[in-house]
Amino acid sequence: RQGYEDPHCQYPSASYRDFYAYQSHQWQPVAWQDDRGLGQGEPYRKSTNYQDQHYYRGYHPDLATTPLGQDRAQTYDSSEERYVSAARPEWTGGKTLGSDTGEASGQPQEPSLLLQYRESGLSSSSHELSQYIRDGADHYDPMLSGTWSLAQAGGHSVSTPAPVVPRKFSLPHMAVCFGARGQLVVVCPHHPAEGQLAHVELHSLEVILHDTKELEELQAFPGPLAREDLHKVDVMTFCQQKIATSCDLSTQRGRDSSLLWKLLILLCRQNGSMVGSDTAELLMQDCRRREKYKRQNPAANLIGLTDDEWMSRQPGTLDLITGEVPPVVETQAQIVEKFTKLLYYGRKKDALVWAMRNHLWGHALFLSSKMDPRTYSWVLTGFTSTLATNDPLQTLFQLMSGRIPQAALCCGDATWGDWRPHLAVMLSNKVGDMELNHRAIVTMGDTLAGKGAVEAAHFCYLMADIPFGYFGVKADRMALLGSSHRQAFAQFARTEVIQRMEIFEYCQQLRQPKSFLLPFQVYKLLYASRLADYGLPAQALQYCEQIATTLLDQDPASHPVLAQQVMKLAERLKLSDMLLLEMPEQDQTLEPDWLVQLRACCREWEVR
């Protein structure tokens, strides 16, 4: 169409390339040189494409309003020189461009402006920048068009009508970017070239986002928790507020989440130490209701009787051993008396059957314990068969018998009941085999995790001292407390989850001041970047200091990527340190010692 360039006509055919200028009635002439190999060092002069013309007419109105007959080459060169000198003062118009933007000439490629903005920290939102950098073809690259001019190409300037091309921006617009100190920088649409004063506005992101839920969540947390002026009462108060506001106690998931917060309160109150009975008491307090476990008669086959024999020994029938008819209702004394009479006649097995049938389990267990082990096991199995399957006593007896309890394999099901009493009885009554206790608790955690009860599973893992792993290693049982690392990262690393994990690390430091969770440091860096994005740079810098101190106590070379990212964020936020306000003006260029040491370690690692 008239006024638009055909992309197939940007370059002339091969027959017109040798020392001829390719002209058109609606484009300015383009000078072409010999089609030599780029590897010979000859400069390659690339013609302006539609985007270049589009760009220059959007930012240089004088190109679109040049009167007919004026030398367009001079106007183009002057506009180009102004842009190149403003955008890239270190460049010169005589640079050559080899194949693949400078690789053949041996010069390193200059990064684009967006990449420079991202590296320099002008924007704190790397996700938004990535949306622009992803499609680089839609943006003007001064490296390609900034080295071309008609004068350098040796072509003759020919006056042509100004092309009819729409402006890139039809109206004056604002330019916006994010500052490093939690600010939004707005450049108003003024025209300094026309005598208007340039106007730049600085807005605080904390003020702009003051009504958002995310900022309120960040401000409510008393972090970083390693501060000297922090009292553990503040941490416990925060946990209680989270229970009241974010835990729906009417659902199983909400009760499990509440249990984790209560565990953190217990750890904080007891300076990071606890025993099994403390946790058992917490579990029973959080138990929604005490279930009634029905007892049942022992199965006939478990005590060695067939159904007919069982019926023949019911009350009201003739007892062949004593020759008496037992009463329909027997008192406890009569039951014990008959147990004794059976022993008079030396009928031990019948005495055991009588005691088991009438629930004299104490008499039966003691008598069988003095007999052979097989008989004792038979009586013990008969006793446990009278308990309900989901009875916590069943769990305890199975654990004491050297087996993984059935509750560890079936908990989490609605028909099975609450899992808390079973874990409480295992924690309060540990058997001699510690490995069996550990495997039973871990198995219960795996069962709960397989049924989607992540908070409950992580509670079991904490009781079994399972270490924290990494998000990318799906075989690890947990990476952040109360969040499954098998879901999407945005859902996994929520702000609330990171805060809960930091409280757990703080509780560990109350018991051992030098302890820390190494896999958690990268999430503290992520949390610091969120603080910076929401206009809280001073808190973000304190988190950087904590992470750097942790890495310096270890070997930063073992975690080079984390150390470099902490250093980059800290260099952007270092002017947010409140200590700089108390320094003399000539000393405000100094950096904190931890940042200097971290930078030295990073450089040493790079050299190594």
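W261 is buried, with a relative accessible area of 0%, where buried means under 20% relative accessible area, exposed over 50% and partly exposed in between (1.4 Å probe, protein chains only). The model that holds this residue is predicted: local features need pLDDT of at least 70 and side-chain atom pairs count only at pLDDT 80 or more, while totals for chains, interfaces and linings use all residues. Residues are numbered from 1 along each chain as its sequence is written, and side-chain values use heavy atoms, with hydrogens and water left out.

A pair of aromatic rings is described by the distance of the centres and the angle of the planes. Rings of Phe, Tyr and Trp (its six-membered ring) pair if their centres lie within 6.5 Å; planes under 30 degrees apart count as stacked, over 60 as edge-to-face and the rest as tilted. By this rule there are 13 aromatic pairs. That of F238 and W261 is edge-to-face, with 6.2 Å from centre to centre and 75° between the planes. Because F238 lies in helix α11 (residues 232–246) and W261 in helix α12, the pair ties together parts that are 23 residues apart in sequence.

The centres of the Y527 and Y543 rings are 5.2 Å apart and their planes stand at 65°, so this pair is edge-to-face as well. Y527 belongs to helix α26 (residues 521–533) and Y543 to helix α27 (residues 537–553), 16 residues apart. Both tyrosines are buried. Ring pairs join F221, F238, W261, Y527 and Y543 into a cluster.

The discussion now turns to the nonpolar cores. Such a core is a set of buried Ala, Val, Leu, Ile, Met, Phe, Trp, Tyr and Cys residues joined through side-chain atoms within 4.5 Å. The largest has 93 residues, and W419, L423, L448, F459, L480 and I503 have the most contacts inside it. Helix α12 (residues 252–269) supplies the largest share of this core, nine residues. Leaving aside neighbours within four places in sequence, L423 is in contact (heavy atoms within 4.5 Å) with L283, I441, M444, F459 and C460. A second, separate core of 14 residues includes A355, M356, L360 and A364.

Confidence is expressed as pLDDT, the predictor's confidence in each residue, from 0 to 100. Its mean over the protein chain is 75, and 65% of the residues reach 70 or more. Over residues 6–108, pLDDT stays under 50. Of the 608 residues of the protein chain, 41% count as buried.

Terms used:
Helices (H or I, at least four residues) and strands (E, at least two) are DSSP runs, numbered from the N terminus.
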